[in-house]
Amino acid sequence: MSARRIFARPARFAAIAPYVWMVLFFLVPFAFVLKISLSQTAIAQPPYEPVFDPTAGWDALKAALAALSFDNFRLLASDDIYMFAYLRSLTVAVTATALLLLIGYPIAYGMARLPKRWQAVAMVLVIVPFWTSFLIRIYAWINILQHDGLLNQILLALHLVSQPVVWLSTDSAMYIGIVYSYLPFMILPLYATLAKMEPALEEAAADLGAAPWQVFWLVTFPLSLPGVGAGVLLCFIPIVGEFVIPDLLAGSNSLMIGQTLWLEFFTNKDWPVASAAAIVLLAVLLVPLLLYERLQKRQLEQGR
Amino acid sequence: MTDELPKTHGATGAADGDAVAAGQPLLRIEAVAKTFGTFRAVDGVSLDIKAGEFFALLGPSGCGKTTLLRMLAGFEAPDEGRILLGDKDIAQALPHERPINMMFQNYALFPHLSVRDNIAFGLKRAGMARADIATRVAEMVALVKLEGLEKRKPDQLSGGQRQRVALARALARRPQLLLLDEPLAALDKKLRESTQGELMELQRRLGMTFIIVTHDQEEAMTMASRIGVMKSGKLAQVASPRQLYEAPRSRWIAEFVGDVNLFDGESKLRDGHRLIIGTRDAGALVVAEPREPVGAGRLAVAIRPEKVKLSRHGPVSEAGRETAINRLDGVIADICYLGGTTTYKVKLDTGGTVQASVANNARIDVDAYSLNQHVVAWFTPDDCVVLQS
């Protein structure tokens, strides 16, 4: 009994480690943000009130709690600037994720069908951009997309256009930047599921009379859905909150929620509203996460 | 090993086997070859398969049997030669265009589809009407005794059940030819044996043509009516199981199929219908003259262990003919009890060893031999096979 307990201890610690992590680095900061979102702005340090003062005693704490309100959330709902920012973020994320899936799937499929030793090379090629700083890569795109940049020079040289095209500060530039930056996050999970798929399954489908496109739609694609789900989530969620790429490549006439948050936080110094916007964003992003989780659970149940 | 394999091509290969119904073969493989890089996986194989046959492709791993099967299914295209199904060359046809189905080694069941949808997959692709599909699926489910499991997913089935789904799925389209790639390799021994019987029963009942690939010679011998033994991309011999075992064409086949005692020898002397071969390890051996005349050069005498008899004293020669029986004196060097039989290794006084497999006919055998006991191992000339070494 005692021996078993000794052996069980490290295992039990390993099991609770992720929860400890979640509490320390997600739940606690989340509680701070939630509290700030219920506070009011103040010209003070920190720039909101009330501030909990544990030394002030029970009554002061009660007063502070009573001062919390949902005013900031009401503001978010009443001013359609926020609503538009959320909608734009979701539109950009949906469009970009769809583009990523369309571009990433054939690449991942091609990689998975390469001879084994070339798969490792292809994998390195997909990951290699990470060796350069993300910011430098986005600035490189500014260089490529500017008025006399590489892209326009090529288009002019090929006589595809007669005048330089305006790329920078457009949605096209932003989508190019997002697709470029997130492509590895789409390819890698897709590749992982496609590579471990038994090739005999596709052969069996062909053997049973399925034409190549039927083999893909009836066998390959349905079996790669876990990878599709993972890739879509890995791209969609960070793209919704994306700040740097739209800020550097897109125009300033319509903002994504990440940019709006930045403005509230750093320019307006309105921490409570920024926090409220962040909380709403989190709630919005929970929806696809929960959907994915339920889908996975159902697949597991069907599997059993 | 310096064995030279006789080149077996279609005509001789087919003539070797049991004479099944005459007429045009269902499948004709003509000088088919396939090279991967510099490796010649299949090297000029010609073979006729008759309708209704249960044919086994047997060989060690890497002999090209699976590549040959994959060319029949259409997963590989031959570099040379023709594959005629009826009188149509299908060598370059895509898998989904062939009236041939395959049962895969690890079954390759679609994990996202139920048993029913797995079986119906091929029928749907054939554009069969909904009601007909339901009827056919029910028929197939009954055929492989999977009633009640139609809604299960493959990973909710046992290995044996999965094997049945794979079989039903491959049979559902009623292919002209069913290919089976090591269909029983994933089953345990007991289940494998009972499934062998069921497969044979099914093949006979449906009157279908089966080609099975296996590395298990016992499996091939049990199930197939004809066996093609492959070695290094070539067909080494095509024959019925009995012929393969009793009249192997080469030393390699004799050793690959079952156990065998081999005695290398050279000189030969004719004595009526007998040949006398001087062997290094067992002295002069008398053998029956083979049907095909043996050429000059090194020879080997092959004798199966169960055809070697043991006794405490030499057998009385029939009709006083000294040469009628080969007798070898020796001592028991090793005893291997296998239940139904016991294999004795006899160290011969002439230097070699001979294995004798003796049936354990009685539960209490007071006559069983013991280690170091002096015995006489003997066998008749007719039980010997002379092989070109």
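Author: In chain B, six strands form an open sheet with mixed pairing, in the order β6-β7-β8-β3-β9-β10. Strands here are DSSP runs of E with at least two residues, helices are runs of H or I with at least four, and both are numbered from the N terminus. Two strands count as paired if DSSP finds at least two bridges between them. The edges of the sheet are β6 and β10 (234-239) of chain B, each of which pairs on one side only. From one strand to the next, the twist averages 20°; axes for such angles are lines fitted to C-alpha atoms, for helices over the stretch in contact, and the angles run from 0 to 180 degrees between N-to-C directions.

The model is a predicted one, in which local features need pLDDT of at least 70 and side-chain atom pairs count only at pLDDT 80 or more, while totals for chains, interfaces and linings use all residues. Residues are numbered from 1 along each chain as its sequence is written, and chains are lettered from A and ligands numbered from 1 in the order in which they are written.

At one end of the sheet order, strand β9 (residues 226-231) of chain B runs antiparallel to β10(B), and five bridges join them. Within this pair, B:V229 has B:Q237 of β10(B) as its bridge partner.

In total, the contact takes 20 residues from chain B and 17 residues from chain A, where two residues are in contact if their C-beta atoms, placed from the backbone, lie within 7 Å. By class, the residues on the side of chain B divide into 10 nonpolar, five polar and five charged. Nonpolar covers Ala, Val, Leu, Ile, Met, Phe, Trp, Tyr, Cys and Pro, charged covers Asp, Glu, Lys and Arg, and the others, Gly among them, are polar.

The loop between β7 and α6 (189-206) of chain B holds B:E182, a residue other than glycine whose phi is positive, near 45°. Most residues other than glycine have a negative phi, and most peptide bonds are trans. B:E182 is partly exposed because 19 other C-beta atoms lie within 10 Å; a residue is buried with 20 or more such atoms within 10 Å of its own C-beta, exposed with 12 or fewer, and partly exposed in between, with C-beta atoms placed from the backbone.

A:S169 lies in the loop between α7 (150-157) and α8 (171-196) of chain A, and it counts as partly exposed because it has 17 C-beta neighbours inside 10 Å.

Chain A also contains cis peptide bonds. One joins A:Q45 and A:P46, with omega about -5°, and A:P46 is found in the loop between β1 (40-41) and β2 (48-49) of chain A. Another runs from A:E49 to A:P50, with omega near 0°; A:P50 is found in the loop between β2 and α2 (58-67) of chain A.
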